[in-house]
Amino acid sequence: APSIESLNEQLNNFGISEPLPVFPDSNPTSNPIDVYRCYIAHVLAPITGVDIKLVYPALEWTQSLEKGDLILAAPRLRIPGRNGSDLTKEWAAKFPENPYVHPPTAAGTFLQFYFRKDVLSKLVLSSILGRKSAYGPIDTGKGKRVIVEFSSPNIAKPFHAGHLRSTIIGGFLSNLYESCGWEVIRMNYLGDWGKQFGILGVGYKRFGSEEKLLADPINHLFEVYVAINKIAEQEKEVEKVKAEEKGEKQVCPGLRTAYWLLLKAMEYRGTKGDKRQISNGLTDEEALEFFFKMEHGDEECIAMWKRFRELSIEKYKATYSRLNISYDDYSGESQVSKESMEKAGKMMKEMGISSESEGAIVVDFKPHAKKLGKAVVQKKDGTTLYLTRDIGAAMERYEKYKFDKMIYVVACQQDLHLQQLFMILKLLKLDWADRLTHVNFGMVLGMSSRRGTVVFLDDILADARDKMHEVMRKNEEKYKQVEDPEMVADVVGRTAVMIQDMSGKRINNYTFDMARMTSFEGDTGPYLQYAHSRLCSIQRKAGIPAENLLNADFSLLTEDHATNLIRCLAQYPDVLQNTLKTLEPTTVVTYLFKMTHLLSSSYDVLRVVGEEPKLSTARMALYESARQVLNNGMRLLGLTPVERM
Ligand code: ARG
């Protein structure tokens, strides 16, 4: 960011000779609105008799420009025994004439400030054109490290809508923190351990194909997984019928398997167990044995599992890169060490957090938080659970990264799980336990693809691409001008999927609607891409060299349309600061739509081509600034803005 000196020099050129009184927590060199905050707070503190430390943060940006550019709610200054509307009237009357803002308006208990357009346009447009892709984020995270754990699919099981949302939201949050100066560790915590790998191993031995595995590991493993599961289910049915025919009361299959596993375990540990033959060759039991071997480091089984994992990761990487995402750490449930889980188990026991209950180890949360109930952390047979692995994983991550913050982007179905996890870490008195955040989200309804209701990310993106291609073809004239329509359709299709996902509040469910999301009407991805490509096209047609724009005469931008657009562009840094609080992609998405709506109503009023050169240049500078902000916002969301479509 430029220095305060150069900002003052700039202000001096605008005819403001008094240097800006800078408030310690403000960023006037990277956020134009902070210039106003500094000035207003400095003036308002003596008028109100309130400490500037209280006045400054009370100056808030507004969601709609009609309410002003900055607004102050009188109650926030905590003046006892005075009526808020009387106060705002008094303060408004005392506010001096100045080059920054119009005389403030007292609206009930609110004091509204409207920026003067002259200084505003110069300040904002030169900031955007000067800082380019750096305009927006403010370096508040310097020296801090955050882990964002997101996507985290389960190998051999479908990548479902929950994983898609986690990927989109997590990718965005990573970008946001990174842009604000944080060191971001993007982490994928794969579901790569558990009984399902036993099933998969057995299935693969029976009907796996090397060729298919190499060509398309994710789909092939899923295929195998589905097929073997079907067989296991059928066997169970047969067993049931057999037992019924014999008139036997059937032994609960789960119980029998557990007993069998226990015997196996004893055998494995070298204890002379009861060698009675219990297994009668059921797939399920074979699978348990496979997983059991994995847990005990059997080389052959581990080697097989490892290949499945590695080939899947390779494939995932390719898909993630289509969403502009790459990970720093592919961790997973399998990577959590026995030692850290044992250590956690010991700590829980010693601190009286866990207790034994019918052979298992449980944590009873009721004394701390009723809602959290009870949770098992170790099963009777000694095997660990999802929760146990998460406890160990969190501890290992702290050891390794010493993070200042860790965000879990996981569907709200797992709210309880994460609350339990966070509570255990808190009860363990780990001093970093309060650095964890769960960013949750609702469901996607009605999602299906060419393969039916099981959703693969690749299929969804391919469907969106084809649909988009179809929509683009309808406008033959334009379609002919696009160089690589297949590629553009792919990019815009992805945008459609992602914008639909990020449009509402995270917690809301939404219905997956291919027709609506690929439409150019309404607040859709294609609309946003269209807005960007239209700005690019204006630029191409005008042919004004980029270097001329910074020196344009911004005072020629007098129309309300221009002013309102500039006021909106000024808000972008504040929008990002607010997003750090909400952690909602929609905070950015809503803003971008508001801005592009102002844009589309401006085109007829603010023409570039065919105007007097000075005016064209000034307007081009405005459009280029809008394009830059739109581009910055889209990239932050993980989108690739297109230049033609
Ligand atoms: N693999 C899990 C699932 O698909 C999500 C993992 C969430 N992260 C975690 N640390 N538990 O349900």
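Modeller: Gladly; keep in mind that this is a predicted model.

Biologist: What makes E149 a residue that surrounds the ligand?

Modeller: A residue counts if its C-beta atom, placed from the backbone, lies within 6 Å of the molecule, so E149 qualifies on that cut-off.

Biologist: Why are strand 7 and strand 12 said to stand at the edges?

Modeller: The open sheet has five strands, paired in parallel in the order 7-6-5-11-12. Strand 7 (329-332) and strand 12 (436-439) each have a single partner strand, so one side of each lacks a neighbour in the sheet. From one strand to the next, the twist averages 25°.

Biologist: How do you know that strand 5 and strand 6 pair?

Modeller: Pairing takes at least two bridges, and strand 5 (residues 145-149) and strand 6 (residues 183-190) share five, so they pair, in the parallel sense. Within this pair, I147 stands opposite I185. Helix 6 (residues 161-179) packs on the sheet and touches strand 5, strand 6, strand 11 (405-409) and strand 12.

Biologist: Which residues touch the most other members of the largest nonpolar core?

Modeller: They are I40, L569 and A626, in a core of 154 residues. Helix 25 (residues 613-636) gives the largest share, ten residues. Leaving out residues up to four places away in sequence, A626 touches L535, L565, L569, M595 and L599.

Terms used. Residues are numbered from 1 along each chain as its sequence is written. This is a predicted model: local features need pLDDT of at least 70, side-chain atom pairs count only at pLDDT 80 or more; totals for chains, interfaces and linings use all residues. A nonpolar core is a set of buried Ala, Val, Leu, Ile, Met, Phe, Trp, Tyr and Cys residues joined through C-beta atoms within 7 Å. A residue is buried if 20 or more other C-beta atoms lie within 10 Å of its own, exposed if 12 or fewer, and partly exposed in between; C-beta atoms are placed from the backbone. Helices (H or I, at least four residues) and strands (E, at least two) are DSSP runs, numbered from the N terminus. Two residues are in contact if their C-beta atoms, placed from the backbone, lie within 7 Å. Axes are lines fitted to C-alpha atoms, for helices over the stretch in contact, and angles run from 0 to 180 degrees between N-to-C directions.
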